[in-house]
Every structure is written in structure tokens, then in C-alpha cells.
Amino acid sequence: MITKLFTIGYAGFGLPEFLTELKKRQIQLVIDVRSQPFSKYYADYNKDRICNALKNENIYYRNYAKEFGARQENKVYYSSEGYLDFSKFSKSEVFQNGIERLCLSMQKGYSFVLMCAEKDPIDCHRAILVSRAFHEKGYQVEHILPNEVVYTQEDINQRLVDKYFPNRNQLSFLTPVLSDEEMIQEAYCKQNAEIGYRMEATE
């Protein structure tokens, strides 16, 4: 049984390096979490091209735009401020079905990577929405970056808290004291508001 999953942002890699990173970790399955599986600036990662490149390495490709895409059509998942609310969407049947299918794949021994565009996972819903859900289920998560850098989901948690609560160790009678877990939850909400896809207003 596999207990670890990976994420990667292709903007940080040329295609040969991208494939090398996957093979190094014996990844058998790429889960594309883009809502639109093509790239204006990275043509090698358009769906047809990346499928062929992966097939040549005996790696499977699956598109999970419906389950994990950052641009959802149903307005019920959007906040009053107009951005996709990750907390709402993560509770949806379609998202949970995606999680369960991949958990079943890991139980069968398949190793997979969540693929999106952004180089730094902290700026991408693959970490702030999707891999967070796996982490909360007890799976290990490793985010693959260029130059042999790897972040865990715990590293993402720490970076978010550092970003939104930089003065947390300074006592103040003017602000409520939050637990570590409360700060992590709040930091994820703030990052969601910052990076969440905003549906264009319609008349």
C-alpha cells in the first residue's frame, strides 16, 4: 500500500527534467488537476503532448478537472466575495469521489503525482485545496520543486503561518490568541482568498 503522494508544477521544469523527476520517484500515474488541460506558454504540457510523452515512459495520465479543477462552474461553491471557496468545494460529492478513487489507487499500490502549472505549490490549488485533503487523511505529501527542493505539506503549513501570522510570538492584549491549528486553518482561508479563481460577474 502506498502512503505517499507527490505534486509538481510544470512551470519549473523542461519536459525532460519533468519526466526525470517522475521516474526518479517511480511515479506510475499523473493526475492533471488543471481545469483546462493545455498551456499557452508550455506547449509540451498540452494534453495530447504530455499524454504521449508519459505513455512513452509507461506512465498513465488522467485528467481530474471535474474533481479537482480550480475553476468550477457551479456557483454554489463560490464565496460571497466571488472566489472558489475551497472549504465548500472540498466537501462536495465530486471532490470527495476523486479523493476516494485515488486513495483506492494507493491501496492497490499505484504511486501518483498531482500536476498543475505553478512552480511554487503555495501559489497553487493543488496544495491549498487538493493535497491538503490527502494530508488531513494521514497521507504523506511531497511537493517537487526545481533544484532538488522538496516541500512537505507540513512545510506548506509553516510557510502559510509565517506569511499571515509573522508576529504571532509577540504577545498582544489587542488580538485573540490562536492555537497553532487555528492559525493554520485561518492561513489556508486567507491563501484561498488570495489565489482562488474568481468567476466573472454576469449581468
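Visitor: Which residues is Ser111 in contact with, leaving aside its neighbours within four places in sequence?
Guide: Contact means heavy atoms within 4.5 Å. By that rule, Ser111 touches Ile2, Phe6, Arg25, Gln26, Ile27, Gln28 and Leu29. Bear in mind that this is a predicted model, where local features need pLDDT of at least 70, side-chain atom pairs count only at pLDDT 80 or more, and totals for chains, interfaces and linings use all residues. Residues are numbered from 1 along each chain as its sequence is written, and side-chain values use heavy atoms, with hydrogens and water left out.

Visitor: Is Ser111 buried or exposed?
Guide: Buried means under 20% relative accessible area, exposed over 50%, partly exposed in between (1.4 Å probe, protein chains only). Ser111 comes out buried, at 7%.

Visitor: How many disulfides does a search of the whole structure find?
Guide: A disulfide is a covalent bond between the sulfur atoms of two cysteines. The test is a pair of cysteine sulfur atoms within 2.5 Å, and the search turns up zero. For Cys51, the closest cysteine sulfur is in Cys116, 15 Å away, so that's too far for a bond.

Visitor: And salt bridges: how many does the structure hold?
Guide: Look for a side-chain nitrogen of Lys or Arg within 4 Å of a carboxyl oxygen of Asp or Glu. There are 13 salt bridges here. One of them pairs Glu67 with Arg101, their closest N and O atoms being 2.5 Å apart. Glu67 is buried at 8% relative accessibility, whereas Arg101 is partly exposed at 37%. Salt bridges with shared partners also link Glu21, Lys24, Arg25 and Glu148 into one network.
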